[in-house]
Amino acid sequence: MSQTFYDEVQEMRARYPDPLSAVLPALQLAQDRHDGWLPEAALREVAEALDLTPAYCLSIASFYDMFHTEPVGRHSVEVCTNVSCAVSGAQQVLEALERELGIGVGETTEDGNVTLRAVECLGGCGWATVVAVDNRHHLHVAARDVPRIVKELGE
Ligand code: FES
């Protein structure tokens with residue numbers, strides 16, 4: 001483990017009354033340093049820095065949509081499929097993205113450019129369907145908008 005990562009996590013740890021509270025920011029830091037995902041080595045680094053087990057860190061990482069336990073593409077396309085978006089055509093948007101990108105949900109394009117995911121509520125229920133592209137939210141997305149969204153990813 002690099003000393004720098006360990007030291008940074010110790011600084012995070014010191015900010016909270018309960019060291020367990022540092023798990024999320026430590027996982028985010030580890031993910032940022034591992035090309036946007038958390039390989040086993042990253043989970044071990046977080047666990048070691050916080051005196052936890054890698055299994056515990058994995059249980060946290062696998063619960064939250066913002067963490068990835070598999071390699072991801074350079075760009076991320078996330079479609080909210082919760083209730084408001086579901087009744088506003090999220091499934092059609094998702095299927096249009098699958099067709100346009102040539103991959104299924106949870107997969108990454110062969111060139112490593114885009115990962116497509118279905119996620120829980122993105123907090124924009126009044127503007128359904130919501131699609132997050134590299135964390136920038138597109139609102140009122142319909143299947144007809146998909147070719148434009150995908151084209152922008154290649155630019
Ligand atoms: S249900 Fe889609 S943003 Fe909340």
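Trainee: Why is Asp-65 called partly exposed?

Mentor: Its relative accessibility is 30%. Buried means under 20% relative accessible area, exposed means over 50%, and partly exposed is in between (1.4 Å probe, protein chains only). The 30% of Asp-65 falls in between, so Asp-65 counts as partly exposed. This is a predicted model, in which local features need pLDDT of at least 70 and side-chain atom pairs count only at pLDDT 80 or more, while totals for chains, interfaces and linings use all residues. Residues are numbered from 1 along each chain as its sequence is written, and side-chain values use heavy atoms, with hydrogens and water left out.

Trainee: How do you know that Arg-117 forms a salt bridge with Asp-65?

Mentor: A salt bridge is a side-chain nitrogen of Lys or Arg within 4 Å of a carboxyl oxygen of Asp or Glu. For Arg-117 and Asp-65 the closest N and O atoms are 3.9 Å apart, so the pair meets the rule. The pair links distant parts of the chain: Arg-117 is in strand E2 and Asp-65 in the loop between H4 and E1, 52 residues apart. Salt bridges with shared partners also join Asp-65, Glu-78 and Arg-117 into one network. Helices (H or I, at least four residues) and strands (E, at least two) are DSSP runs, numbered from the N terminus.

Trainee: Is Arg-117 buried or exposed?

Mentor: Arg-117 has 15% relative accessibility, so it counts as buried.

Trainee: What makes strand E2 largely enclosed by the rest of the structure?

Mentor: Five of the six residues of E2, which covers residues 114-119, are buried, so the strand is largely enclosed.

Trainee: How do you know that E1 and E2 pair?

Mentor: Two strands pair if DSSP finds at least two bridges between them. E1 and E2 have six bridges, in the parallel sense, so they pass. One of the contacts joins Ser-76 to its bridge partner Thr-115 in E2.

Trainee: How many salt bridges does the structure hold?

Mentor: The structure holds seven. Among them is Asp-51 with Arg-13, whose closest N and O atoms are 3.1 Å apart. That pair also links distant parts of the chain, with Asp-51 in the loop between helix H3 (40-50) and H4, and Arg-13 in helix H1 (residues 3-14), 38 residues apart. Asp-51 has a relative accessible area of 60%, so it is exposed. Another pair is Glu-40 with Arg-44, at 3.3 Å between the closest N and O atoms. Both lie in helix H3, four residues apart, about one turn of the helix.

Trainee: What makes Phe-63 and Tyr-64 an aromatic pair that is edge-to-face?

Mentor: Rings of Phe, Tyr and Trp (its six-membered ring) pair if their centres lie within 6.5 Å; planes under 30 degrees apart count as stacked, over 60 as edge-to-face and the rest as tilted. By this rule there are two aromatic pairs. Phe-63 and Tyr-64 are 4.9 Å apart centre to centre, with 85 degrees between the planes, so they form an edge-to-face pair. Tyr-64 and Phe-67 form an edge-to-face pair at 6.4 Å and 85 degrees.
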